[in-house]
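Trainee: Please take a close look at one part of this structure with me. I would like to see how its pieces pack.

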Amino acid sequence: MNIIQNQKSKNPTQAALLNATESAAASRPGGSILPDVVTASAPSGVSHIRSFVHRRSHITPSQKEALDQLLPLWSLPYRKAALDLDKNFGRHAPAILEIGFGMGETTQKIAQARPQDNFLGVEVFNAGVGALLKRIDESGLTNLRIIQHDAVEVVRDMLAPASLQGIHIFFPDPWPKKRHHKRRLIQPPFVELLASRLAPGGYIHCATDWENYAEQMLEVLNGEPSLENTCSGYAERPAYRPQTKFETRGLRLGHGVWDLLFKKRQA
Ligand SMILES: C[S@@+](CC[C@H](N)C(=O)[O-])C[C@H]1O[C@@H](n2cnc3c(N)ncnc32)[C@H](O)[C@@H]1O
């Protein structure tokens, strides 16, 4: 019995979800390598600079198997249409978006520690998506869904205004060279878009181990009028955020770590 058949027999909710999503997923290139493009066109024809580049990184056989077999079960396809979060999670609960979950260790731990919340993880990296699918399968988590696509387009096209209670962006690619700073995710237009997707009182939590990016984050988040800082300057690491792989590496290299925690103002 393969992983999916096994899932169908052990969990009726998962089986129903699989039946609802497998036909949509069958038509897309699950696990395929993303095109090596730098810009993407918005519906208006305006391009945005991508915050990632194509990586031909190693993918283990078990990550590949998870991509092939579990992507239809736990991922939602990218579409230029608003997502009905409650319908896709099968319940009404606060929705937390995570952008760039990497290998998904933190995502899994937080989703396990907060079963009352629904988590939507967005990542482009095949091995990372495969790794998180495996974690979902092995842990039996039901409050986590994945979209494998550029998060800028997911937020713009699929998430309705005020639909999120929280946004996590942990250790986004720092793009340290000055000429690459334009690729950084935390820029005023994207933060304005993110803030519009937060419900009043909802939060955005960023963390980085690059001081220069932390300064940029603070400036950009402070500059978004609909957000307010919950601290004066940087925040203590909230208890729900475990130390990530990238953070551990950064600390080993002698970097600091900066958390930023802002809230959407009440309308
Ligand atoms: C430096 S890693 C950090 C991973 C993880 N958050 C951690 O702390 O270990 C940044 C991740 O963001 C992903 N990423 C970058 N831009 C993205 C985008 N526009 N949409 C989705 N994922 C993105 C990359 O593929 C990468 O896995």
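Mentor: Start with helix H3 (residues 61-74) and helix H6 (residues 126-139): their axes come within 8 Å and cross at roughly 70 degrees. H3 is therefore roughly perpendicular to H6 (65 to 115 degrees; under 35 is roughly parallel, over 145 roughly antiparallel, the rest oblique). Axes are lines fitted to C-alpha atoms, for helices over the stretch in contact, and angles run from 0 to 180 degrees between N-to-C directions. Helices (H or I, at least four residues) and strands (E, at least two) are DSSP runs, numbered from the N terminus.

This is a predicted model: local features need pLDDT of at least 70, side-chain atom pairs count only at pLDDT 80 or more, and totals for chains, interfaces and linings use all residues. Residues are numbered from 1 along each chain as its sequence is written.

The crossing of H3 and H6 is left-handed (the near helix is turned anticlockwise from the far one by less than a right angle; clockwise is right-handed). Now find the contacts (C-beta atoms, placed from the backbone, within 7 Å). On the H3 side, look for Ala-66, Leu-67, Leu-70, Leu-71 and Trp-74, among others. Facing them, H6 brings residues including Ala-127, Val-129, Ala-131, Leu-133 and Ile-136. By class, this contact has 10 nonpolar, four polar and three charged residues. (Ala, Val, Leu, Ile, Met, Phe, Trp, Tyr, Cys and Pro count as nonpolar, Asp, Glu, Lys and Arg as charged, and the others, Gly among them, as polar.)

H7 (151-158) packs with helix H8 (residues 188-197) at about 45 degrees, the axes 10 Å apart. H7 is therefore oblique to H8. This crossing, too, is left-handed. Val-152, Val-155 and Arg-156 of H7 meet Phe-190, Leu-193, Leu-194 and Arg-197 of H8. Five of these contact residues are nonpolar, none polar and two charged.

Now the sheet. Seven strands form an open sheet with mixed pairing, in the order S5-S4-S3-S6-S7-S9-S8. Strands S5 (144-147) and S8 (227-229) stand at the edges, each with a single partner, so one side of each has no neighbour in the sheet. From one strand to the next, the twist averages 20 degrees. Inside the sheet, strand S6 (residues 164-170) runs parallel to strand S7 (residues 198-208), joined by six bridges (strands pair if DSSP finds at least two). Helix H9 (residues 211-222) lies across S7, S8 and strand S9 (258-264), at about 10 degrees to S9.

Methods: Two residues are in contact if their C-beta atoms, placed from the backbone, lie within 7 Å.
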